Amino acid sequence: MPGDDGSIRQHYVLIAVRCRWLSGAPLAADDALEARWFSLSELDPATLPMSADVDVIARQAEAMSKAMSQAMSRQADGL
């Protein structure tokens, strides 16, 4: 976040982590005002506030996950 003089006052590093939800509801802690799950179709920066490219990264992760699953399935079929 730039200061009045243009200097950087705050800097955040966001790291994308691929995971699989098993159960439970998200709970906001002291680092967030709210928390909830979103489907890929809901990730639209025009309608939801989000960091740059969160929607793009989530879709890339989904595509990679599907490709890995297909490759593992083909490999298992060949054994």
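The following exercises, each with a worked solution, examine a predicted model.

Residues are numbered from 1 along each chain as its sequence is written, and side-chain values use heavy atoms, with hydrogens and water left out. In this predicted model, local features need a pLDDT of at least 70 and side-chain atom pairs count only at pLDDT 80 or more, while totals for chains, interfaces and linings use all residues.

**Exercise 1. Salt bridges**

Determine how many salt bridges there are, and describe the residues that form them.

Step 1. A salt bridge is defined as a side-chain nitrogen of Lys or Arg within 4 Å of a carboxyl oxygen of Asp or Glu. Side chains of opposite charge can pair when their charged atoms come close. The rule gives a count of 3 salt bridges.

Step 2. Glu-42 pairs with Arg-36, at an N to O distance of 3.0 Å. For accessibility, buried means under 20% relative accessible area, exposed means over 50%, and partly exposed lies in between (1.4 Å probe, protein chains only). Glu-42 is partly exposed because its relative accessibility is 34%, and Arg-36 is partly exposed at 45%.

Step 3. Arg-59 pairs with Asp-55, their closest N and O atoms being 3.9 Å apart. Both residues belong to helix 1, 4 residues apart, about one turn of the helix. Helices are DSSP runs (H or I, at least four residues) numbered from the N terminus, and helix 1 covers 54-78. Arg-59 is partly exposed at 36%, whereas Asp-55 is buried, with a relative accessible area of 13%.

Step 4. Lys-66 and Glu-62 meet at 3.8 Å, N to O. Lys-66 and Glu-62 also lie in helix 1, 4 residues apart. Lys-66 has a relative accessible area of 49% and is therefore partly exposed; Glu-62, at 34%, is partly exposed.

**Exercise 2. The segment before helix 1**

Describe Ile-15, Asp-53 and Arg-9, which lie in the segment before helix 1.

Step 1. Ile-15 is exposed because its relative accessible area is 68%. With Val-13 and Val-17, Ile-15 forms a nonpolar surface patch having about 350 Å² of accessible area together. Patches join residues with over 30% relative accessible area and no salt bridge: like charges within 9 Å, nonpolar side chains (Val, Leu, Ile, Met, Phe, Trp, Tyr) within 5 Å. Accessible areas come from the Shrake-Rupley method with a 1.4 Å probe; for residues, only the protein chains shown count as cover.

Step 2. Asp-53 has a positive phi, near 70 degrees, in a residue other than glycine. Most residues other than glycine have a negative phi. Asp-53 is partly exposed at 47% relative accessibility.

Step 3. Arg-9 is exposed, at 55% relative accessibility. The C-alpha atoms of Arg-9 and Leu-48 are separated by 25 Å, the two residues being 39 apart along the chain.

**Exercise 3. The largest pocket**

State the volume of the largest pocket and describe its lining.

Step 1. On a 1 Å grid over the protein atoms alone, a pocket is an open set of points where a 1.4 Å probe fits, with protein on both sides within 12 Å along at least five of seven lines; lining residues have an atom within 4 Å of a point. The largest pocket holds about 1700 Å³ of space, a volume being the space filled by probe spheres set on the points, which are joined across faces, edges and corners.

Step 2. The lining consists of 34 residues, and Trp-37, Phe-38, Leu-43, Val-54 and Ala-58 lie nearest the centre of the pocket.

Step 3. The lining divides into 25 nonpolar, 3 polar and 6 charged residues. Here Ala, Val, Leu, Ile, Met, Phe, Trp, Tyr, Cys and Pro count as nonpolar, Asp, Glu, Lys and Arg as charged, and the others, Gly among them, as polar.

Key. Helix = DSSP H or I, 4+ residues; strand = E, 2+ residues; numbered from the N terminus.
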